[in-house]
Amino acid sequence: MTAAIVAHELRKTFAARRRQIEAVRGIDLRVSAGEVFAFLGPNGAGKTTTVRMLTTLLPIDSGTAFVAGVDVGRDPVAARRRIGLVGQRGGADLAATGRENLLLQGQLYGSDRATAERRAAELIELFALGEFVDRRAQTYSGGQRRRLELALGLMHNPRVLFLDEPTTGLDPHNRANLWEQIRTLRESGTTIFLTTHYLEEADALANRVAIVDHGRVVAEGTPAELKRELGSQRIRLTPKADGTPIEEIAASLRTLPLVEEAQPADGAIRLTVADGARVLPALLDRLRERRIELDSLTLAEPSLDDVFLAKTGRALRDTGDLEQAP
Amino acid sequence: MKLAREIRLLTMRKLLETWRQPTWVFMGLTTPLLYLVLFAPVLRRLAGAPGFPRGHVLDVFLPGVLCLIAFGAGMGAGWGVIVELDSGVIERLRVTPVSRFALLMGSVLRDTAMFLLPALVVIAVAIPFDYHPNPGGTATLLALLCLLTAATSAWSAALGLKLREISSLAAVVTGLQLPLTLLAGILLPLTLAPGWLRGLAHTDPLYYTVEAARLLSTGTIANWTVGEGFLVTAGLTVLTLAWATAKYREAAS
């Protein structure tokens, strides 16, 4: 497969009041054509700065970036013809109607009006914009506006589409809708580079994920690889209070295969296991043998917190991020 | 060709946006008329006073009002820029292959149109009240003031891109607006002013525009003061357009 994005040793430093902020510190990327690639990390990790460099919005301090075969630093205008960006702030012109937005966007890429109208009709259909496309964008709900903005990014059939935090600020229903639409795009063969701070999002959409922190890629792979490598699953069980001492139960469970850790905590036991689906039957057998009854038992997938903690030694929520949307 | 098309598309976008805010169109038309109704009568008493230029009151006063409209028509551009930075519109347009100069010219030409419209209304309204415009002079005057609107519009847009915050922009723009317009003798000609003030006025680029405007309105075209006015205003327009285009090119964060 040909590469849609190739970046080598990308760096960006901002000067801010008497100190230098190294936002991106040597990022290498290789994204194949047709792939959905997720850039996962907390806010302030350098995700948006990287996207802005790849989309010609920010000059690259050092390193090289090729997008759709074009050297972004050397020939930004050629790069702009081949890429689309849906930025964090969206970019719909709120005073205009959705259709006016779409037609102008197409014409700014050089389409004549008839071609722009045909393309707009396709996208109105694809993103189900028909109901509101002739109303002014300022009347749209968050989800409607996001769909319009996604359509705007696709008006000129870009070879690579960049989505910067596409679902931030959307409610769960609209997030699910948008995921569905991004999957449709994936099937149509558009290369998509998306940034997110939700592990579930990367998991649901991406063929490959890079985890970024402090301007560097700390891990890269398919979601399954990353999970296997980074985050074992967590089991939390609470035995009935009157039975066997909790330390004793924990010690017994620790000897089961695939159990990596079993720690007593606040009357419960927290287990870290490699493969929950295989551990659970053995675990339940062991509890039955020892006649231990349970109040509760939960199995949890690794969260971005776990992944992040494993890779950086810090918890994601301690990164002191004030911007993060609720 | 490509540039002209982009400028046309982006100017239409801005004109449509303005057209959909009828309050602004209405205010843009009524504010200059208020100067004629509420301020010009005061001046009638001044006519004939020592230092007041000869001629009818409106012939002195109206070119100043036109300069004020031209100046004010461009000042708001920065606000629009900041709103569109926040909504991401400018970022989206900057990712298209469109020329950065065209991105700027959309609002510059809209502002120029929003100067011409009230200016023509004011001229038409003033004629029955003893205003004697010279056709050739007035056409040249409007051309000069279009340059002024373009310069203030580009300047305000560049400041918006630089400051990125409505409050900082408002502080700079309103802070400069008053000294610039007062020193230029926009409402009352500086022939009434003491010598030091007249000297200071020469540091204000707007002064040259206003001086040229008063002469043009009476039909004096081939004149050194008029030439000076065009030179200063056009120079300013070129500088501010270049600065704002550079800001669109780099607009980061």
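The legends below describe close-up views of a predicted model. Local features need pLDDT of at least 70, side-chain atom pairs count only at pLDDT 80 or more, and totals for chains, interfaces and linings use all residues. Residues are numbered from 1 along each chain as its sequence is written, chains are lettered from A in the order in which they are written, and side-chain values use heavy atoms, with hydrogens and water left out.

**View 1. Domains of chain A.** Chain A is split into domain 1 (3-228) and domain 2 (231-308), with bounds from an automatic or database domain assignment. The centres of the two domains, taken over C-alpha atoms, are 41 Å apart.

**View 2. Interface of chain B and chain A.** Contact (heavy atoms within 4.5 Å) joins 27 residues of chain B to 33 residues of chain A. About 2,500 Å² is buried between the chains, 53% of it from carbon and sulfur atoms; buried area is the accessible area (1.4 Å probe) lost when two parts are put together, summed over both. On the chain B side, B:Arg20, B:Arg92 and B:Val95 lose the most area to chain A, together 28% of what that side buries.

View 3. B:Arg13 forms a salt bridge with A:Asp93, with 2.8 Å between the closest N and O atoms.

View 4. Helices (DSSP runs of H or I, at least four residues, numbered from the N terminus) H1 (2-19), H4 (77-86) and H5 (89-95) of chain B each give two or more residues to the side touching chain A. H1(B) gives the most, with 7 residues.

Methods:
A salt bridge is a side-chain nitrogen of Lys or Arg within 4 Å of a carboxyl oxygen of Asp or Glu.
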